[in-house]
Amino acid sequence: MNTHLNVLSRRPSSRRAKAALAGLVAVLSSSLMIVTANPAQAAYSQIEGSGSTWSQGIVAQWISDVDANGMKITYNGAGSSQGRKDFASNVTDFGITEIPYQGKDEFGAVDTAGNREFAYMPIVAGGTAFTYQVQVGGKPVKDLRLSGDTIAKIFTNKITNWNDPAITKDNNGRKLPSLTIVPVVRSDGSGTTAQFTAWLDKQFPSIWQPYFGKTGLTSYYPKKSGSKMIGAAGSDQVMNTISSRSGNGTIGYVEYSYPVNKKYPVVKLLNKAGYFVEPTQYNVAVALTKAKINNDPSSQAYLTSILDGVYTSTDPRAYPLSSYSYMLLPTGAKDQRMTTSKRQTLTDFMFYSLCQGQSKAGPYGYSPLPLNLVQAGFDQLKKLSAADPAVDVKDRDVTKCNNPTFVAGDLSKNKLAQIAPQPPACDKVGTGPCGTVTGTAPTTPEAAAKPGAAASAGGTPVDAAPAAGDAPAAVDPETGVAAPTTETATGDTSQAAVAVPTELVAGRAGDTKVFGALAALELIAIILAPGVGAVYFKRRARRKQGAWS
């Protein structure tokens, strides 16, 4: 750089150009010194993962968030089963799954990590939603209510038409038209399917087990010959099938984020308290306070959960089919895929995801992890440093994370669950329906609490239903179904999708200085470069003119 400065200083230039150039060089030199002198700035290498489509929406956003900071991550949403297989076969650096390794799968094949050392780490919570397309008079029904018993019978071919008396009963006498029900299930090995069928097996064994032919869950949904059931690979294809022009009559199961992103309604599912509820971040947070977490650090199943208490929660706000997604962390010191730079990339990526990234969970249709699981996740990441002491895990303060579940000084409390609103009276069995739009991911308790005001990701109330004492909602005289309400806001998350992270990771010393210096450098260069360039080209033009005269 000094040689270039000497050459430049010998060129004739105006006083203004010299001053501008000197200022730019000073900033460049200063910024480069900050970057190179900062020991906390680690080298990164690209890492690869595969697995869950249930959590893919938020994982993709986190990957996008950290890309500008030099972390390159690729992720293939191939389903949880494939994610576990890829990780065990050393095809990927990490995997993501909704269920732990099962030892053997439903076909008797080995489902373990083999000799690869690993740890489970919860990364996000959410609700498995039932999204659907049912048209009445050319307009979509957006406030469908179903009990678990009805859901179980729909997905075992016992209820096959939308005008079935069980569906009419769930909707307090509001009858749907005669329309064949077309269940859409996953055709690939899916953690979403596993979570759904685990719930069916525990809560509705007399319906599920005769259909499945045995007890337990399955990652591969069984389709019977002669059924109208459709198989689709991946949550996105389930969602696309239901929302297609030919999708009238379909219903399928996906993580809540998919209908939120697609602006599609979801079923309000009956809980044990007798209320029909939606899988908002609040209702999921309430339900998961009843999850039984394995707290034995010496166990390979550490941090995995048993959800029986979630299914049976008697809190009126609880969404029964709530669960977690897990990352498979490579913890072996001799892991054949891992290097120091790969471990550092994975460490910093997940520190961001567990900390700042959790603040985006709600608007995207997920629910953020509570403080105790974030702290446990931080501890799991320290195993990467234990495997390779060159990996930097210092200065990570969980209490500085921007997470709406945190209660300062109390790992056991979940603020999101505490402020979760009670369901409206019109969502209780024997009343309503409320006539509200679903699938909107409300981001404030006030928006979630209003019986006639579902909210978009920005919290804007829409579709107000009649309050107590008002005239009843209009009813279609032919079908008896409440006339569809205004379709103004339906969960548009476009604003959240372009959000830029304000920090790289939580509390890591030096990060903000490094990236702040680079940002300042870019800004100053943008401001000064045109002026310096103009002077340079003006001088060059004069010299050429003198040469030709």
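**Helices and sheets**

Mentor: Let's start with helix 4 (residues 80–88), which lies across strand 1, strand 3, strand 6 and strand 17 (322–330). Helix 4 runs at about 155° to strand 3. Keep in mind that this is a predicted model.

Trainee: Thanks! Which strands does helix 3 lie across?

Mentor: Helix 3 (residues 56–67) lies across strand 2, strand 3 and strand 6 (118–132). Its direction is at about 165° to strand 2.

Trainee: And in what order do the strands of the eight-stranded open sheet come?

Mentor: The order is 2-1-3-17-6-12-10-11, with mixed pairing. Strand 2 (73–76) and strand 11 (230–232) are the edge strands, each pairing on one side only. On average, neighbouring strands in this sheet are turned by 25° against each other, ignoring direction.

Trainee: How many bridges join strand 1 to strand 3?

Mentor: Three, between residues 47–51 of strand 1 and residues 94–97 of strand 3, and the two strands run parallel. For a pair to look up on screen, glycine 49 has phenylalanine 94 in strand 3 as its bridge partner.

Trainee: There's a three-stranded open sheet too; what is its strand order?

Mentor: That one goes 9-13-14, and its pairing is mixed. Strand 9 (145–146) and strand 14 (276–277) each have a single partner strand, so one side of each is left without a neighbour in the sheet. Strand 9 pairs with strand 13 (residues 268–270) in the parallel sense over two bridges. Arginine 145 stands opposite lysine 268 in strand 13.

Trainee: New topic, then. How many disulfides does the structure hold?

Mentor: Two. Counting bonded cysteines along the chain, their pattern is 1-2, 3-4. In one of them, the sulfur atoms of cysteine 355 and cysteine 401 are 2.2 Å apart. These cysteines link distant parts of the chain, 46 residues apart: cysteine 355 sits in the loop between helix 13 (340–354) and helix 14 (371–387), and cysteine 401 in the loop between helix 14 and helix 15 (415–419).

Trainee: Are cysteine 355 and cysteine 401 buried or exposed?

Mentor: Both cysteine 355 and cysteine 401 are buried. Their link is left-handed, with -120° about the S-S bond.

Trainee: And what about cysteine 426 and cysteine 434?

Mentor: A disulfide joins cysteine 426 to cysteine 434, with an S to S distance of 1.9 Å. This link is right-handed, at 105° about the S-S bond.

Trainee: Why do you call cysteine 434 buried?

Mentor: Because its relative accessible area is 5%, and buried means under 20%.

Trainee: Last one: which residues touch the most other members of the largest nonpolar core?

Mentor: Phe130, Phe155, Phe196, Trp199, Tyr221 and Ile251, in a core of 105 residues. Strand 6 supplies the largest share of that core, eight residues. There is also a second, separate core of eight residues, with Val184, Val238, Tyr258 and Tyr264 among them. As background, nonpolar side chains tend to be buried together in soluble globular proteins.

Key:
Residues numbered from 1 in each chain as written. Predicted model: local features only at pLDDT ≥ 70, side-chain atom pairs only at ≥ 80, totals over all residues. Heavy atoms only, no water. Pairing = 2+ DSSP bridges. Helix = DSSP H or I, 4+ residues; strand = E, 2+ residues; numbered from the N terminus. Axes fitted to C-alpha atoms, helices over the stretch in contact; angles between N-to-C directions. Contact = heavy atoms within 4.5 Å. Disulfide = S-S within 2.5 Å. Buried < 20%, exposed > 50% of the residue type's maximum accessible area, 1.4 Å probe, protein only. Core = buried A, V, L, I, M, F, W, Y, C linked by side-chain atoms within 4.5 Å.
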